[in-house]
Amino acid sequence: MNTALNLLHLLTPESILVETILVVLIAGLFKATAQKRNMLLSLTLIGGVTAGAMLIFQPHYGNIANGMAVLDPLTRFIKVVVLGLSLITAVYAVQSNIRQHFAEYLALILFTAIGMMLLAGTENLLMIFIALEMVSIPLYLLAGFLKQSSASAEASLKYFLVGGVSAAFLLFGISLIYGTTGATSLRDLAQSAPAVTRDPLFLAGLVMAIVGFGFKVAAVPFHLWAPDVYEGAPTSSAALIASGSKVAGFLILAKFLAIGLAGAAGSAASSQLQPGWLPLLAVIAAISIVVGNLAALSQSNVKRILAYSAIAQSGYMLLGLSATGGTALISVLFYVVVYALTALGAFGVVLHVEQRRGGSQLHHFEGLHQSAPGLALCMGVFMISLAGIPPLAGFFGKFYLFAGALGSASQGGNLGLLWVVAIAITFNAVSLYYYLIVLKHVFVTPATHPAEPVTRRNAATFVTGLLAVSVFAIGLYPGVLLDPLRAAAQAANRKPVTAAPVQPK
Amino acid sequence: MNTFLLLALVPLLPFLAAGITALLKREQRGLSATLVIGAQTVACAISLFLFAGAITAKSGAIVHNFPWLTFGNDTLRLGLLLDPLSAGMGAMVSFVTLLIFIYSVGYMKEDRNFTRFFTFLSLFSGAMLGVVYSNSLLLTFICWELVGLASYLLIGFWFHKPSAAAAAKKAFITTRVGDMGFLIGMFWLYKAAGTLLFYDNGAGCLEQAALATMAKTMVGGLAVSNIIALLIFCGAAGKSGQFPLHVWLPDAMEGPTPVSALIHAATMVAAGVYLVARVFPIFTATGAPSVSLTVVACIGAFTALFAALIAVAQTDIKRILAYSTVSQLGFMMLALGVGSVGAAMLHLIAHAFFKALLFMGAGSVIHGVHEEQDIRAMGGLWNKMPLTFATYAIGMLALAGFPLAFSGFWSKDAVLHAANLWPVSQLPFKMAAAAAFLTAFYMTRQMFYVFFGSYRGHTHPHESPVVMTLPLVILAAAAVLFSLVATPAWPWFEDFLAGHNAGFELAALREPGFLHVALTSTAIVFSGLLLGWFIYGRRPLSGVDPIEAASASAYNTLANRCYIDELYDATIIRLVALTGEISAWIDRTILQGAVNATAGFSFLISYLSDGIDRFLINFGFDHSCNALREYGSGIAGCEGGRVQGYLRVLGVGMVVLLAFLGWLLV
C-alpha cells in the first residue's frame, strides 16, 4: 500500500503524461484541420510542461522496490532533458508532412517520452529492459508513420527487426548476468559482480547486454539500421531517435556499467588489457569512430550524413564512457546533451528544407543562405559544433571528453586510452569534410532551384533558432550546462545508498 | 569625505579633463578651456584644503595603499601619501598650474590648436600631481614618465617648426637617459626592500627596517642604499636639468611660453628635486654626509655656477631664464646634498613662484613686441608695458635675492647657510656664492637690455591683456608674501616640513652663523647688481655686448654654452652615429648576405619541396583522400539495404566481441 502510494508519488510526471496522452487522443477524434493540429500541439505542450514542472518540484531522492524506480538530482536532470527534447520533436511534427492521425503521432511521442523517463529513472535490470522496450516500440511506429511512403515502412520494419533481435540479445544477456550473480538491481549487482569477473558465462552475458545497448546508441557494428531509418522515417521521428532516444540510451548504459558493473570493468589500456567491459567499449568506440566518419564521406543525403555522424558521435561518447570516474561521466553527459541539442537543431533545418524543396539531398540545400538566411546560420552553428570547432558547444564537449579519457586514472596510467583518443582526433579531422560539405552547399553553391518565397516564421524555425542560440551560448559559457550537471552528479553521489522509499525535501 | 578620495581626485580630475577635451573638436575652444580650468580649480581647491588639513593635523602622514595587480601570491600595491612635503608641493603645483592655465587662455588665443594645447596641459597637470601625491616609487615612475610625455608633447607643440620638433626629441631622449638610471634603481630597490611603497606601516621602503638592510648590504665597497640613491638621482638629474644632462632644458624654450613657465620653471623640473627630497631617507641610510649626498651636493654646486656663467652671455630672453632655472635647480640640489631638505623645498617653492612670474613676464614681453625673443632688439619697455615691467622687476629682484622683502633672498640664504655648515667642504658654498653673484649680474643685464634705454626693435610694443597680467600680479604678490614664512625668524615652512610647530623668534636673525651668511650674500647681491649697472646701465646699449667687446673669446665660449652640445655632438652622438653606421654596414653586407644566402637556400628548398609536394605528397594526399572516400563508399556499401545482412553483421559482431573477451581471458 505504502509502496504503491510512493510509486504514484514518484511517478507523478509520468502519470501526467499518460493523462495528456488520453486527452490528446480524445481531442484527436475530431476532424483534422491545421488549426486543430496546433490545438493538439498546445495540449501536448501544456501536459508536457506541467509534467516538467512536477518533475522539478518533486522530492530530491527516492528509491522504490530496490531500484525499480529511483530519483536523484542527476536522474531528474536527464528526465527534464529527454522530456524537453520530446516536446521539441512534437513542435517539429506540426511542420512535418504528417497530416493524418496527428493526435496518435503526438501520443506516440509522449509514450516515447514516458519510456525514456522511466529508463532514466531505474536501477534495475528488469525495469531497464521493460523501459527500453517502452521506448523502442513507439519509435518503431513513429518511424513508419508515413504509411503511404514505402521508405518509411521499410525503415520501420528494419528498425523493428534489428531492434527485436537486439532486445532478444539484451534479455539473454541480462538472464546470464542474473544467472551468474543472482542480482537484478544494479546496486546488488555491484556487490556480486566482482566475484565472477572471469566467469565466461558472465562475460557472455555482458557482451550480449552491450549488443542490446549498442543497438540503442547505434554503435558499430549494431548501427546498420541507423542510416536507413534516419533517411526513411519522418524527419521529426528521426530527430527523436537521434536526440532523446540517444540521451536515454547513454544514461542507462552509463548507469549499467558504472554502477552495476564497476567491479567488472577490466582495462582497455593498450599495455595491460584485462577482460571486462572497458576493452569492449574502447574497441567499439574506435570502430564506430572510424566507420561512422568514413562512411559519412560518401553520402549525398543530409539525413544519412547525420546518421553516420551520429554513429561516429556515439563512438566519441563510448570513448568517454570507457574513462570511468566522476568527471568522465559528467563529460559524457555534457557531450550527449550538447549532441542531442545540436542534432535536433540540424534536423529542424532538414525538416524545413524538406518541406520547402521536397528532399534532403545535398543539392536541396543549395543557396539556403539566400532563401532562409537565419536557418542557414543555424545550420552553420550546428555543423561547426558537431565538427567540434571552438567556440561552439561541441568543442567543449569533445574537449572535456578527451581530457577525461586521457586523465582517467582507472586506465592503468594516465595515458592508457591514448590509442583511442588518437584515433578519435584523427578521424575528427576527417569528419570536417562532410560537415563542411553541407555548409558549402548551404553557403557557397548558388541555388539551382527556383527561388521560393521567403520563409515565414513558424514555431519550428523559432525552436531551431533557439537551439542554435543555446549551442552558441553553451560554447561561450560551458558552465551554463556543466555546472548544473556537476552539481546534480555530486548531489546524486551523496545519496544515502539504503534510501528510504521517498524522502521529503 | 575621506582623505583617500580627495587625494585621488586631485590628479584624477585633470586626467579626466584631459580625456574629455581630447575628444572635443578643434572649434570647441571655450568649452575645452572651461573644462580644463574648471577641473584644475577644483583640484587646486582640494589640494589647498588638504594642505590646510596637513597644517592643522598633528597625526603626521596619511597613507592609503591599495592593490593594483595580483599575480600569483604577490600583490603589487600602489598608494597615495599626504605628508607635509607632498601637501606643500601639491598646493604650490596646483596653484601655479592654475594661474598658468588662465594665462594660457590669453597667450594661446590666436593658436589654431588651442583645444589640443589645453588637453596636453591638463594631462601634464594630472601626471605632475600624481608624482606629488604618490606613495609608491612605481606610481611615481609611471606619472614621472607621463610628465615626460606631456613635456615632449608641449615642447613640440609647434611641431611644424623643425627646431621645436628637435627640441622635443632632445628633451625626451636626454631625460630618458637619466630615467634608465631611475628604472634600474627602482628594480634594485624592489629587490633590496621587497616593496616600492614608501610608507606601509613599517614595511615601506623608506622605513627603518628596509633602510637598515640596505645600509648594511655592501656592493663593491658602497652600501646598496647609496647605489640605489645615486641611480634614482640619475633620473632626478635628467628631469631637473643637472649637469651633464642639462642640455635639453634651454632648447625646451621652443615650446609656447606658458609651457616654459609651467613645466620648465615651476613644476616639472622641480620634480627631480622633489623626488630626491621624497626618497631622502635612502640617501641618508648610512648617516648624514653619505657618498650619495656628496655627489648630489657637488653636482648641484657645479651646475649652479656653470649655468649661471652661461646665462651671462645669452641673448634670448627665455634662454637666459632657462639657464637661470638650471642654476637655481643646482642650488636646490646643493641644499639636498648638504642635507637640508627644508632649504631645498623652501627654495623650490619660492623659485616656482618667481620663476613662473619671470617666464610669464617674458611671455608678456614677447607677446608685446610681436614674437621677438632677442633682448638686443628690445629696450625701453618700462613705460610701454608698465605692469609687466613692475611685476618682472619684482621677479628679478626675488631671483637675484634682493634682501628682506623678497622670498628669493630668504630661500637662497637658507641654501647658502646650509652649505656653509656642511662639514665636508667649503667649496660648494663658495661656488654657490659665486653663482649668486652671477645671478644678480645677469638679471641686471637682462633688465637693462629689455626695459631700459631706448627701444631698438621695429614694431610697436603694447601691454598684454588682463588675462595675462592678472596672473603676473598674483604671482608677484606670492613671490613677495612667501618671504613672510621663509625667514629664519619665523621658519614656519621648514618647521612644517619637519613636522613641528614654528616659534616666532627674532633672535634667530641674530644667530652668528646666519647673520654672517646673510650679510655676505647681501654684499654679493649688491655687488652683482652694481657690476651689472656699471657695465650695462651707464651707456646706451648697442649690438655688441660690452663683455664681448672686452673679451670676445670668453664671451663666445659662454654664448655657445661652453660647447657642451658640440662636445656631445662630437662624442656621444658621433659615437652613436658611428655605431649606427657600423651596424648598418654589418646589416648591409654580412647580415644581408646571410639573408640573401638563406633566401637562396630557401628558394632551393622550396623548389625541391614543391617538387616533392607535387609529385609525392599531393599524389599521396590526393590518393589517400580518394582512398578514404572509397573506403567510405565501401563501408557504406556494406549495407546493401537487406535487413538479413544487418542481422548477420550484428551476430558476427557479437561473436567477434565474445572471441575478443575470450582471448583477453586466456
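Which residue just after α18(B) takes a positive phi? That's Gly453(B), with a phi of about 75°. Before going further, a word on the model: it is predicted, with local features needing pLDDT of at least 70 and side-chain atom pairs counting only at pLDDT 80 or more, while totals for chains, interfaces and linings use all residues. Residues are numbered from 1 along each chain as its sequence is written, and chains are lettered from A and ligands numbered from 1 in the order in which they are written.

Buried here means 20 or more other C-beta atoms within 10 Å of a residue's own, exposed means 12 or fewer, and partly exposed lies in between, with C-beta atoms placed from the backbone.

Step back into the loop between α17 (407–420) and α18 (427–451) of chain B and you'll find Ser425(B). This serine is partly exposed because 15 other C-beta atoms lie within 10 Å. Its C-alpha is 9.7 Å from that of Thr294(B), 131 residues apart along the chain.

Finally, look at where the chains meet: 32 residues of chain A are in contact with 22 of chain B (C-beta atoms, placed from the backbone, within 7 Å). On the chain A side, α13(A) gives the most, with 8 residues.

Conventions
Helix = DSSP H or I, 4+ residues; strand = E, 2+ residues; numbered from the N terminus. Contact = placed C-beta atoms within 7 Å.
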